[in-house]
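Please keep the sequence and the coordinates in view while reading.

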Amino acid sequence: MRNKVTGLLSIFLIFSLIASSAHASSDEKSFLWKVQSETATLYLLGSIHFLKKEYYPLNKEIEDAFSKADVLVVEANINDMGQIDILKFAESAFYPDNETLEKNVSRETFEYVQKASGRLGIPLELVNRQRPWLLALTLTSFELIKSGFDPDYGLDKYFLSKTRGKKKILELESLDYQINLLSSFSDKEQELFLLYTLKDLDVLGREVNRLT
């Protein structure tokens, strides 16, 4: 494995950590690092799954780094949805017919859910079927979209689209791995994850705007 890695001419690494100053002008700093050895060059870029159209075109240094790269490494290849086991996902993400979120979380948590879903315009009967880990992601996505962010303009999706058929794509984790990780949380851990998300929703859009 070490020989394969050092044999690469260059690797472009997009790691989904935090939002970057991707749209900065050429005289501004961007959230991009360059790491070199005698055999390889690696670019590390802070990324986010949701961005706005106005963030494009990207900083020229970022585009130049991408054009030089032979390999794109992402957190997970979100364009490869075929890797997900749909039946397994449904079982881990939704309650069976005789169960609901309301029956499995505290009254306080469910009241937060009712308030958030009403504000975001999500039917309560829809969120009531979702397990806490999935609902936390759903609410986060809706809040970001409400704040003007769009998954179609996420940096990972942008570079994956530009890479298609032109560069090798590697992923640090698979979508199945991420789903299995989140769904493996205990009921208590899932509720805490959801509650933390709910209490953070009101400032989420504002905080992401500050980061970008």
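Arg119 is partly exposed, with a relative accessibility of 34% (buried means under 20% relative accessible area, exposed over 50%, and partly exposed in between, with a 1.4 Å probe and protein chains only). The model is predicted: local features need pLDDT of at least 70 and side-chain atom pairs count only at pLDDT 80 or more, whereas totals for chains, interfaces and linings use all residues. Residues are numbered from 1 along each chain as its sequence is written, and side-chain values use heavy atoms, with hydrogens and water left out.

Side chains of opposite charge can pair when their charged atoms come close. A salt bridge is defined here as a side-chain nitrogen of Lys or Arg within 4 Å of a carboxyl oxygen of Asp or Glu. The structure holds seven of them.

Arg119 forms a salt bridge with Asp202, at 3.3 Å from N to O. Because Arg119 lies in helix 5 and Asp202 in helix 10 (residues 187-211), this pair ties together parts that are 83 residues apart in sequence (helices are DSSP runs of H or I with at least four residues, numbered from the N terminus). Asp202 is exposed, at 52%.

A salt bridge also joins Arg119 to Glu143, at 3.0 Å from N to O. Glu143 belongs to helix 7 (residues 132-146), so this pair ties together parts 24 residues apart in sequence. Glu143 is buried, at 5%.

Another salt bridge pairs Glu111 with Arg107, with the closest N and O atoms 3.3 Å apart. Both residues lie in helix 5 (residues 107-120), four residues apart, or about one turn of the helix. Glu111 is partly exposed at 41%, while Arg107 is exposed at 69%.

Definitions and conventions:
Helix = DSSP H or I, 4+ residues; strand = E, 2+ residues; numbered from the N terminus.
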